[in-house]
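Reader: I am new to protein models. Could you help me learn to read one?

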Amino acid sequence: FPWVEWTKEALTAQHWQVATQVSQYKGFFTDYLASASLESITMIGVLGGDGTMHEVLNGLMKRAVFPAIPIILFPAGTGNAFNHDIGCLTMTDSLSRLEKGQMKEVDIFEVKTPHETIFAFNVLGFGLVSQINATSERLRWMGGLRYSIAALPHIFKNPRFRAQVEVDGQIWEGDFFFVLISNTIHTGKSMKMSPKALLDDGFLDVMIVPHVPFWHLLRLFPLIFSGRHINSSLLKYIKAKQIKINIAKLLGDKV
């Protein structure tokens with residue numbers, strides 16, 4: 001783990017006393033931080049990507065009391081969407097912010113399903129975007145390009161997802177390509193999926209894309225890197241406090 005040692009040396013040079021814990025399996029940090037002793041910890045450094053940060057957040061939220069300990073995410077993932085939002089894309093950037101004591105409060109949101117409750121700090125997807133993310137997990141060897149490569153075949157397949165979507169009391173029903181709920185501007189590798197999102201405004205940015213012929217979505221795809229896709233009449237872009245996605249009501253299934 002060369003990056004672990006490099007980061008530890010850099011932090012030691014800033015006069016931090018460093019204790020390290022390496023992940024042993026997927027979900028390890030959620031299990032570990034749910035009960036680990038944090039009495040002597042004044043900062044939690046996460047060396048990884050958005051997925052690692054997700055595990056850390058959910059582990060801390062499982063504790064009886066959420067610890068008032070600052071968290072810094074060193075950009076060691078393939079997408080680093082959160083780090084794109086805060087303009088902290090190199091290890092040097094992170095170390096500089098840490099040395100200057102620059103901190104920022106970040107909203108988190110609660111996600112309830114019939115099976116579990118989890119917490120998120122960046123994005124939640126339904127439909128096509130979830131399929132793309134699952135495919136991209138098998139393409140990690142491609143680095144940041146994996147998100148774009150994974151997206152194209154799914155777009156061509158032209159899937160549809162039937163649901164009822166409720167956003168702050170306003171309801172849409174029918175077939176959708178996807179619904180994306182964001183707290184961050186970026187998704188994947190520098191995709192500006194929710195260009196109006198703010199980390200601390202108390203709102204989630206919701207993008208609803210009804211099902212249309214696939215070539216319309218294909219034309220929109222290049223625009224997500226600049227954020228201009230939200231100007232399209234094909235989708236709805238809303239700032240909201242509460243979102244419900246119900247697929248059981250229309251499908252007659254227990255979901």
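Author: Let us look at a helix pair and then at a pocket.

Author: This is a predicted model, where local features need pLDDT of at least 70, side-chain atom pairs count only at pLDDT 80 or more, and totals for chains, interfaces and linings use all residues. Residues are numbered from 1 along each chain as its sequence is written, and side-chain values use heavy atoms, with hydrogens and water left out.

Reader: At what angle do α6 and α7 pack?

Author: Helices are DSSP runs (H or I, at least four residues), as strands are (E, at least two), numbered from the N terminus. Axes are lines fitted to C-alpha atoms, for helices over the stretch in contact, and angles run from 0 to 180 degrees between N-to-C directions. Here α6 (residues 128-137) and α7 (residues 146-157) pack at about 130°, their axes 8 Å apart.

Reader: Which residues of α6 and α7 meet?

Author: Contact means heavy atoms within 4.5 Å. On the α6 side they include L128, Q131 and I132, and on the α7 side R146, Y147 and A150 are among them.

Reader: And how much space lies in the second largest pocket?

Author: Rolling a probe the size of a water molecule over the atoms shows where empty space is left. A pocket is an open set of points on a 1 Å grid over the protein atoms alone, where a 1.4 Å probe fits, with protein on both sides within 12 Å along at least five of seven lines; lining residues have an atom within 4 Å of a point. Grid points are joined across faces, edges and corners, and a volume is the space filled by probe spheres set on the points. This pocket holds about 890 Å³. Its lining has 29 residues, and those closest to the centre are V111, K112, L124, I243 and I245. At least two lining residues come from each of β3 (109-112), β5 (123-127), β7 (170-182) and β10 (243-246).

Reader: Where does W3 lie, and what is it in contact with?

Author: W3 lies in helix α1 (residues 2-13). Leaving aside neighbours within four places in sequence, W3 is in contact with L47 and M91.
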